[in-house]
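Biologist: Could we go through the charged side-chain contacts together?
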Amino acid sequence: MSGTGQGGGTPSARSHAVGLARVRGGSMEPVLRPGDRVLVRYGVPPRAGDLVLATLADGTLAVKRADSRRALRDGSPGWWLLSEDQEVGVDSRHRGPVPEAAVHGVVRARVWPRPRLFGRRRRPAEGAWKNRRHG
């Protein structure tokens, strides 16, 4: 499991709560490493560039980068979620957009082992992400 978050309880039941998740796998390196503990603000709508905790189509709870809003096949709102390391793990390039309701919260900080606050990552110049997008 890559970039996987683990926390107590059901994320969808935590409206605007704060919790911890543990990262597993290397899909979010170099930003997050396996074993990092992150602070998640549940119930907060993400913005493009945020790190988020979401349930992927296969049921995996994972930390990924919210790239852009995308409509699902049925027209409902969703998010295109990406790994930081595109060679590792599974993300929207493999599974398609994630339903908006499956994005549980925004990662606000890494609390252990190297504390760091997270904001949105600024989008690179037009075309710089061209090789990252496949959908």
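Predicted model: local features only at pLDDT ≥ 70, side-chain atom pairs only at ≥ 80, totals over all residues.
Biologist: How many salt bridges are in the whole structure?
Modeller: The search finds five, where a salt bridge is a side-chain nitrogen of Lys or Arg within 4 Å of a carboxyl oxygen of Asp or Glu.
Biologist: Which residue does Arg-114 meet in a salt bridge?
Modeller: Arg-114 pairs with Asp-36, at 3.2 Å from N to O. The two are 78 residues apart: Arg-114 is in the loop between strands E7 and E8, and Asp-36 is in the loop between strands E1 and E2. Strands (E, at least two residues) and helices (H or I, at least four) are DSSP runs, numbered from the N terminus.
Biologist: Is Asp-36 buried or exposed?
Modeller: Asp-36 is buried, at 1% relative accessibility, whereas Arg-114 is partly exposed at 31%. Buried means under 20% relative accessible area, exposed over 50%, and partly exposed in between (1.4 Å probe, protein chains only).
Biologist: Which residues are linked with Asp-36 in a network?
Modeller: Arg-110 and Arg-114 are linked with Asp-36 in a network of salt bridges.
Biologist: Changing topic, what does Arg-65 form a salt bridge with?
Modeller: Its partner is Glu-84, with the closest N and O atoms 2.9 Å apart. Arg-65 lies in strand E4 and Glu-84 in the loop between strand E5 and helix H1, so the pair ties together parts 19 residues apart in sequence. Both Arg-65 and Glu-84 are buried.
Biologist: And which residue meets Arg-93?
Modeller: Asp-91 does, in a salt bridge of 2.9 Å from N to O; Arg-93 and Asp-91 are both buried.

Conventions
Residues numbered from 1 in each chain as written. Heavy atoms only, no water.
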